[in-house]
Structure formats: C-alpha cells, structure tokens
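The sequence and structure are shown first.

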Amino acid sequence: MASSINIKNGFFTTKKSLHVNIPNPRCLQRQTEIKCTRAVTNSTRQHNEQYCIDIVRKKDYEGFLCSLLLPEAARRSALALRAFNVELAQIKDSVSHKTIGLMRMQFWKSAVEDIYRDDPPAQPVSAELWRAVRKHTLTRRWMLRIVSEREKDMEDRAYRNLQDLEAYGENTQSSLLYLLLETLGVKNVHADHAASHIGKAQGILTCLRATPFNSSRRKVYLPMDICMLHGASQEDFIRGSRDQNARDVVYDIASQAHVHLQHARSFTESVPHSAMPAFLQTVVLEDYLQRVRKVDFDVFHPSLQKRNPTLPLQLYLRSWRKIY
C-alpha cells in the first residue's frame, strides 16, 4: 500500500493510522547507553575498592589486618587512606632516579588538591580517597603533610639524629592516624596526643625493621648520632654486623619507640572507646619490641623477618577488649 510515513513520538506511522510499531533506533541507543554507563560506573567503583584492598594486603599486611577490625562505616575509607600511604611509601624504592620520584610526589600533591576540588584523577586510590573525603570531611592538611614528608625523604640519606626520625614519624604515621580518627568521627585532644606518640613509635620501628632490607641495598638510615655514640659505622650495618655496638644502637632506638608507646598509653583513661580501633597498630609495635628483645636486639636475626602467626588473634583480642 503506497502511503507516506511520518515520525511521531519515536514511532514510524502512516497517514492511514497503520501503526508499524518500530521503535526509533535513537531512543533504544540512548536507553542502552544509560544502562551501560551505570554498569561501567558500578564496575569501576568495585575495581577501585578492590585495588585498595589488594595493595594494602600485599604491601601493608599488618595495616590490612587492623583495617578489617574497624567499624564497617570506616573500613573502606581506612583502606583507601592506607593505600594512599602505601603508594607514597613505595615510590622511594621503586624509582631509579630521584627526579622520577619527585615527579610522582608532585602527581600526588596535585591529586590531593584535585580531590578537594571534586575533580579526582582517574586513578583507583584517588577515586577512593575522594569518596572518603566526601563521606568523612577529612582534613586536607594531614594528607599534604604526608606527601611533603615523603618528598623530603627522597633525599635518601641517614637521619641526623633521633629527633629527625621522630619528626618523620609524626609527619607520616601520626598524620595517617589523625585521618583514621576522622573516619571514626573522633575529635578528641587526648586521642590526638596518643596518635602523635603512636605515630612516632611506628616511624622509629619502621626504620628499624627495614634495616636488613636497606642494608642489602647498601643503604642505612639509622640516626647518625646514635651510631656515633656507640662507635657503629654504616658499613657495620651494610655487612650485617651482629656485634655488641650494633646491638646497642638498636637498643637505644627501640627504647625510644617504647617510651612513645608508654606515653600514648598514659592517655588511655581519657581517650574515648570509639578511638581505640585506630590504635590497634600498637599491638604490632609491641609484638616487634618483644621479639627484638628476645634476640638481644640483633636486628638481623632471621626470626624478625617472619610474620607472627598469632598476630591476627592478638589484634582481635585487643579490639574486643577495646584497649591499645
């Protein structure tokens, strides 16, 4: 039948009102694109979250265990923060030239600024950080301080004294703890004081624990003033010395970390219970201090390079008792 065809409301019709009922392809395409966009968005979100989980589990296993014991409302954001910390921490050891490392640090500085402008880079950790910032109103200053301190650490030289190492712990690990407290909704001056001391202790012990790895690469970052005090040279640590002077250096550094843990625990009565999950890292620090003491402060002892199989249970019990 010869008849002209009109397009009306997305359907092909004839003048004689014979409805062919063929949908307009453009309408179908639009609906499909919307569905695909939603699917891709959900898929991307899941990928971003899983990326953070995987990198923290692989590079910061103890932090991963601590994050699992956080309240569900804070867990995903905490993993994003720890993934951010891991990304920054591994730059120094993963680049062949300092310039490349500084370029990566600049990327993260810009990324933090963009996150707070609601324009995060298309990168999994950045996307998860943006979500965490929006959910918990996290403080930008703490993130930027972590990046700046890691950038200074690219100088790749030993700390001049113990105070420099403590400052490093404060600017990196303590700043991370301040952010974790914010994910828990904790705003308490006593919790902040405790976080400051715990972060310093963690910074000190991280340097100590990394000594065997760094020495294998002919690098020593232990405070020079403590080494000079006991007549231990960098070469002693590079060759894995287990002499008494090297043990004395380890003893002094570990003792300072212990002092900070004691100071942190002096605030226990004043710190709200809701802050306790952020301080589970103290279990890890205490465990290392006990193990290094058992081997008479021989930082190169093989037992110190192995994971403690009872650590997950220790963390769970401490979490259940709500103490740090």
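This is a predicted model: local features need pLDDT of at least 70, side-chain atom pairs count only at pLDDT 80 or more; totals for chains, interfaces and linings use all residues.

## Tyr-316 and helix α15

Tyr-316 is partly exposed, its relative accessible area being 48%. This residue belongs to helix α15, which covers residues 311-321. Although Tyr-316 and Cys-66 are 250 residues apart along the chain, their C-alpha atoms are separated by 8.8 Å.

Helix α15 also contains Arg-318. With a relative accessibility of 15%, Arg-318 counts as buried, because the cut-off for that class is under 20%. Not counting residues up to four places away in sequence, Arg-318 touches Arg-265, Leu-280, Thr-282, Val-283, Glu-286, Ile-323 and Tyr-324.

## Helix α13

Helix α13 runs over residues 244-265 and has 22 residues; at 1.5 Å a residue it should span 32 Å, and the 31 Å between its end C-alpha atoms agrees with this. The buried residues in α13 are Ala-246, Arg-247, Val-249, Val-250, Ile-253, Ala-254, Ala-257, His-260, Leu-261 and Ala-264. Viewed down the helix axis, these buried residues fall within an arc of 155°, so they line one face of α13.

The cover over the buried residues of α13 includes α8 (162-183), α9 (189-209), α11 (224-229), α12 (234-238) and α14 (281-294).

## Nonpolar core

The largest nonpolar core has 92 residues, of which Phe-84 and Phe-279 touch the most other members. Leaving aside neighbours within four places in sequence, Phe-84 is in contact with Trp-108, Val-112, Val-125, Leu-129, Met-143, Ile-146 and Val-147.

## Cysteines

How many disulfides does the structure hold? The number is 0. Cys-207 is in no disulfide, and the nearest cysteine sulfur, that of Cys-227, is 9.3 Å away.

Cys-207 is buried, with a relative accessible area of 10%. Cys-52 is buried as well, at 1%.

## Salt bridges

Side chains of opposite charge can pair when their charged atoms come close. A search of the whole structure finds 26 salt bridges. In one of them, Asp-153 pairs with Lys-92, and the closest N and O atoms are 3.2 Å apart. This pair links distant parts of the chain: Asp-153 is in the loop between α7 (140-152) and α8, while Lys-92 is in helix α4 (residues 91-94), 61 residues apart. Asp-153 counts as buried at 13% relative accessibility, and Lys-92 is buried with a relative accessible area of 18%.

Another salt bridge, with an N to O distance of 3.1 Å, is formed by the side chains of Glu-113 and Arg-140. Glu-113 lies in helix α5 (residues 98-115) and Arg-140 in helix α7, so the pair ties together parts that are 27 residues apart in sequence. Glu-113 is partly exposed at 26% relative accessibility, as is Arg-140 at 36%. Glu-286 is partly exposed, with a relative accessible area of 23%. Elsewhere, salt bridges that share partners join Lys-92, Asp-153, Asp-156 and Lys-219 into one network.

Note on methods:
Residues are numbered from 1 along each chain as its sequence is written. Side-chain values use heavy atoms; hydrogens and water are left out. Helices (H or I, at least four residues) and strands (E, at least two) are DSSP runs, numbered from the N terminus. Buried means under 20% relative accessible area, exposed over 50%, partly exposed in between (1.4 Å probe, protein chains only). The expected span of a helix is 1.5 Å times one less than its number of residues. The arc is that of the directions from the helix axis to the C-beta atoms. Contact means heavy atoms within 4.5 Å. A nonpolar core is a set of buried Ala, Val, Leu, Ile, Met, Phe, Trp, Tyr and Cys residues joined through side-chain atoms within 4.5 Å. A disulfide is a pair of cysteine sulfur atoms within 2.5 Å. A salt bridge is a side-chain nitrogen of Lys or Arg within 4 Å of a carboxyl oxygen of Asp or Glu.
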